[in-house]
Amino acid sequence: MLTKIANSGVDSRVVVWIREFLLGHTQRIREGGQLSEGVRVTPGVPQGSILGPLLFLAYVNDIWRNMESTIKLFADECVIYRKMINNADMEKSQKDLDRREEWTVENAMKINPNKSKAIRLTRARVKDPLNYSLLGTLLPEANSCKYLGIILRSNLIWADQVNYTVKKAWKALHFKMRILKW
């Protein structure tokens, strides 16, 4: 992480400050009112630290390199997508997934393929299944997914999102009605 930050052109004093922040942390646990001895923690960013999200972004900032597809990052979510015109585009998408595997190995990161899925967004009737794999695991083809709080259906119909929003609005209305005793 420090090498990536230093190579990004950040002032060397900032790199030293971040190094000092990351080194020498200890962790303890409390069980039944007893506090354990401190254990030195060497890798990673202290959990819950205000710098954690920023340092994570600095660490994954080069994940897009060597990609032909578009990649979008939000917190620890990663979406890879592209417009598909023919089978060659599907092959390029799989190559981009393979490149992500290589990046994770090079950067000592882990991806859980069981939390990943493939979705095709189109109104066209397509019979060919999506056959993408990640870390040797075939990604399941989903009919819908939630992205940044919005439910996307593979057939591009918004009924699920509308129903979800209406349900949320009714809950808020009923809550206010109970408080105001309407």
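Which residue of β6 is the bridge partner of T70? Select both strands and you'll see: the partner is Y81. Keep that pair on screen while we get the ground rules out of the way.

**Ground rules**

You're looking at a predicted model, where local features need pLDDT of at least 70, side-chain atom pairs count only at pLDDT 80 or more, and totals for chains, interfaces and linings use all residues. Residues are numbered from 1 along each chain as its sequence is written, and side-chain values use heavy atoms, with hydrogens and water left out.

**Stop 1: the whole chain**

Zoom out and color by pLDDT (the predictor's confidence in each residue, from 0 to 100). The chain averages 88, and 98% of the residues score at least 70. Among the elements, strand β1 (residues 25–27) has the lowest mean, 77, while helix α5 (residues 159–180) has the highest, 94.

Now switch to cartoon view: the chain has 5 helices and 10 strands. Both are DSSP runs numbered from the N terminus, helices being H or I with at least four residues and strands E with at least two.

Buried means under 20% relative accessible area, exposed means over 50%, and partly exposed is in between, using a 1.4 Å probe and protein chains only.

**Stop 2: the β5–β6 hairpin**

Back to our opening pair. Select residues 70–74 (β5) and 77–81 (β6): these strands run antiparallel and are joined by 5 bridges. Two strands pair if DSSP finds at least two bridges between them. There are 2 residues between the strands of this hairpin, and A75 in the turn has a positive phi of about 55°.

**Stop 3**

For C78, the nearest cysteine sulfur is that of C145, 13 Å away. Is C145 buried or exposed? C145 is buried, with a relative accessible area of 16%, while C78 is partly exposed at 37%.

**Stop 4**

Start with D62, in the loop between α3 (52–60) and β5. D62 counts as buried because its relative accessibility is 19%. Show the side chains: D62 and W103 are joined by a polar contact of 3.0 Å. (A polar contact is a pair of N or O atoms within 3.5 Å; within protein, one must be able to donate a hydrogen and the other to accept it, and residues adjacent in sequence count only if both atoms are side-chain atoms.) Not counting residues up to four places away in sequence, D62 touches K4 and W103, where contact means heavy atoms within 4.5 Å.

Next, pick D89 in helix α4 (residues 87–106). D89 is buried too, at 9%. Leaving aside neighbours within four places in sequence, D89 is in contact with R82, K83 and M84.

Finish at D11, in the loop between α1 (2–7) and α2 (12–22). D11 is partly exposed, at 34%. A polar atom of the D11 side chain lies 2.7 Å from the backbone nitrogen of R13.

Definitions and conventions:
Disulfide = S-S within 2.5 Å.
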